[in-house]
Amino acid sequence: MKRQSGMLLPISSLPSKYGIGAFSKEAYDFVDLLQETGQSLWQVLPIGPTGYGDSPYQSFSTFAGNPYFIDLEQLIDEGVLTEEECVGYDWGDLPDVVAYDKIYRARFDVLRKAYDRYSGEAKAGIQAFYDKNRFWLENYALFMALKDYFGGQCWTEWPEDIRMRSESAVAAYEKELADDMGFYIFLQYLFRRQWQTLKQYANDRNIKIIGDIPIYVSFDSVEVWANPELFQLDENHLPLAVAGCPPDAFSADGQLWGNPLYAWDYHKATGYEWWISRMKTLFELFDIVRIDHFRGFDAYYSIPYGDKTAANGHWEEGVGVDLFNHIKAALGDAEIIAEDLGYVTDSVKQLLVDTGYPGMKVLQFAFDSREAGDYMPHGYPTNCVVYTGTHDNNTIAGWYGQFSEEDKKVAMAYLNNYHTPIEEIHWDYISCAMRTVADTCIIPVQDYLGLGSEARMNTPSVPSGNWMWRMHKDAFTPEIKEKIHFLTKICGRC
């Protein structure tokens with residue numbers, strides 16, 4: 001693989017109008033920025049519809065797209081919305097923060113207006129889209145319509161007949177909620193049409209899009225409601241156990257994610273049909289896919305359902321390379337990145353070797369004495385992706401400001417940056433990552449901009465205040481862009 005580099009910027013963090021990043025002019029401008037600075041990759045976070053907590057890793061569907069990202073400006077140009085209607089909503093007061101509570105109320109209201117005005121010709125396109133994607137879209141549209149009907153409740157709180165999907169109940173609600181289902185189908189049609197246009201624009205400029213797939217699905221999702229056989233559930237469709245991570249140096253109680261665990265014996269018996277469909281859909285949306293929590297395929301942490309912490313969990317044997325052999329047989333040599341961070345066992349390392357996927361290296365971990373594993377840059381293999389940090393890390397500037405003196409001493413000796421001004425320290429770490437032998441280098445936008453902890457995307461185990469950061473419209477000055485391009489070029493990644 002050639003040496004290459006790119007930037008990590010979630011769609012939600014783009015400086016689009018109307019409160020949140022979207023497939024707007026600003027997205028196309030960012031692609032132009034990537035091309036101008038010599039980059040060839042744009043990594044985003046999961047782009048599914050988000051639920052409570054606004055985490056892209058807890059989505060109502062693993063196949064659907066987030067309606068928040070639909071560009072309203074394009075709908076204004078198409079004549080199904082007016083600018084006056086769009087600006088009339090309260091989208092939040094701060095340009096660098098997503099106000100999710102206001103977005104939720106306003107976005108679906110204005111998009112409903114667009115749905116009511118779509119012409120018959122456009123509806124023919126929607127029907128063709130539905131026919132192609134019916135295998136997931138029909139259940140998704142009904143699930144979302146039901147959530148609205150029942151006031152946003154988790155599906156486990158619905159009446160027993162529809163909670164357990166009796167045929168008569170499904171038929172009755174499909175008839176009663178037909179228009180609402182049509183609305184959610186319409187949103188997915190818009191999402192896919194706008195995204196594919198943006199992706200093609202990027203590809204035409206030799207920019208590949210890296211998508212992100214959470215290993216697990218949310219319990220409050222259409223997949224668990226409609227396909228309970230895929231998961232470890234009891235006769236009432238409640239989890240037998242849930243996912244998370246054990247206690248470590250970062251969290252004394254571990255991480256209790258709450259996602260249902262897969263019934264791997266069932267998946268294997270079907271030839272991993274659902275997983276292959278999932279990956280095939282993702283590769284329609286992205287050029288490269290990063291699989292989050294890759295070690296969960298080797299061994300997964302199982303926590304008794306109902307526990308308040310992850311402390312009482314235990315490890316179970318995962319599905320291993322068999323899944324990926326089936327994916328490769330179905331999809332060919334698709335480009336996949338394995339997120340193998342944290343405590344990596346010998347068997348996880350062997351799984352990486354067996355699949356051939358590049359793993360991840362995070363530069364911050366090299367100088368953090370709490371982090372187990374070998375992350376020192378001189379030890380990186382070529383077949384890996386190096387980051388200064390991920391969406392779960394602090395920014396370089398914020399992280400450096402919270403360094404222990406012992407770890408800072410190691411970092412300063414390694415980089416020989418004793419005299420770097422504090423406001424320029426992020427460039428030392430970016431340069432270090434770019435110089436490594438790793439085939440691929442991804443830098444979060446916040447690090448290129450030298451932003452502090454206020455720009456952190458997510459703090460694991462903290463339930464609120466995450467996923468909110470947005471980039472300012474003119475954040476990349478000509479000087480920053482020139483510096484990025486020059487560094488990319490001299491490091492052989494241009």
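**Overall fold**

I started with the secondary structure and found 19 helices and twelve strands in the chain; helices (H or I, at least four residues) and strands (E, at least two) are DSSP runs, numbered from the N terminus. A word on the ground rules: this is a predicted model, where local features need pLDDT of at least 70, side-chain atom pairs count only at pLDDT 80 or more, and totals for chains, interfaces and linings use all residues. Residues are numbered from 1 along each chain as its sequence is written, and side-chain values use heavy atoms, with hydrogens and water left out.

Next I looked up the dimensions. The C-alpha trace spans about 70 × 55 × 40 Å along its principal axes. The radius of gyration is 23 Å, which agrees with the value near 23 Å for a compact globule of 494 residues; the radius is taken over C-alpha atoms, and the globule rule is 2.2 Å times the number of residues to the power 0.38.

**Surface, contacts and charge**

I then asked about burial: 58% of the 494 residues count as buried (under 20% relative accessible area, with exposed over 50% and partly exposed in between; 1.4 Å probe, protein chains only). The accessible surface of the chain comes to about 20,700 Å², and 51% of that belongs to carbon and sulfur atoms. These areas come from the Shrake-Rupley method with a 1.4 Å probe, and for residues only the protein chains shown count as cover.

For contacts (heavy atoms within 4.5 Å), I took residues at least 6 apart in sequence and saw that 74% of their contacts join residues at least 24 apart.

I noted 42 positive and 71 negative side chains, with the centres of the two sets 4 Å apart. Lys and Arg count as positive and Asp and Glu as negative, while His and the chain ends are not counted; each charge is placed at NZ of Lys, CZ of Arg, CG of Asp or CD of Glu.

Val-31 sits in helix α1 (residues 25-36) and counts as buried because its relative accessibility is 0%. Beyond its neighbours within four places in sequence, Val-31 contacts Trp-42, Leu-198, Tyr-201, Ala-202, Arg-205 and Ile-207. I also checked Val-31 against Phe-367: they are 336 residues apart in sequence and 32 Å apart in space, C-alpha to C-alpha.

Ser-40 is in the loop between α1 and β2 (41-43), and at 10% relative accessibility Ser-40 is buried. Leaving out residues up to four places away in sequence, Ser-40 touches Gln-4, Ser-5, Asn-206, Ile-207 and Lys-208.

**Aromatic pairs**

My search of the whole structure gave 57 aromatic pairs (rings of Phe, Tyr and Trp, its six-membered ring, with centres within 6.5 Å; planes under 30 degrees apart are stacked, over 60 edge-to-face, the rest tilted). One of them is Phe-150 with Tyr-173, edge-to-face at 5.9 Å centre to centre and 65° between the planes. This pair links distant parts of the chain, with Phe-150 in the loop between α5 (120-149) and α6 (160-163) and Tyr-173 in helix α7 (residues 167-176), 23 residues apart. Both Phe-150 and Tyr-173 are buried.

**A covered helix**

I found helix α17 (residues 425-435) mostly covered, with ten of its eleven residues buried. Among them are His-426, Trp-427, Tyr-429 and Cys-432.

**Positive phi**

Arg-165 is not a glycine, yet has a positive phi of about 60°. Arg-165 lies in the loop between α6 and α7 and, at 24% relative accessibility, is partly exposed. His-237 also has a positive phi, near 65°, in the loop between α9 (222-226) and β4 (241-245). His-237 is buried, with a relative accessible area of 16%.
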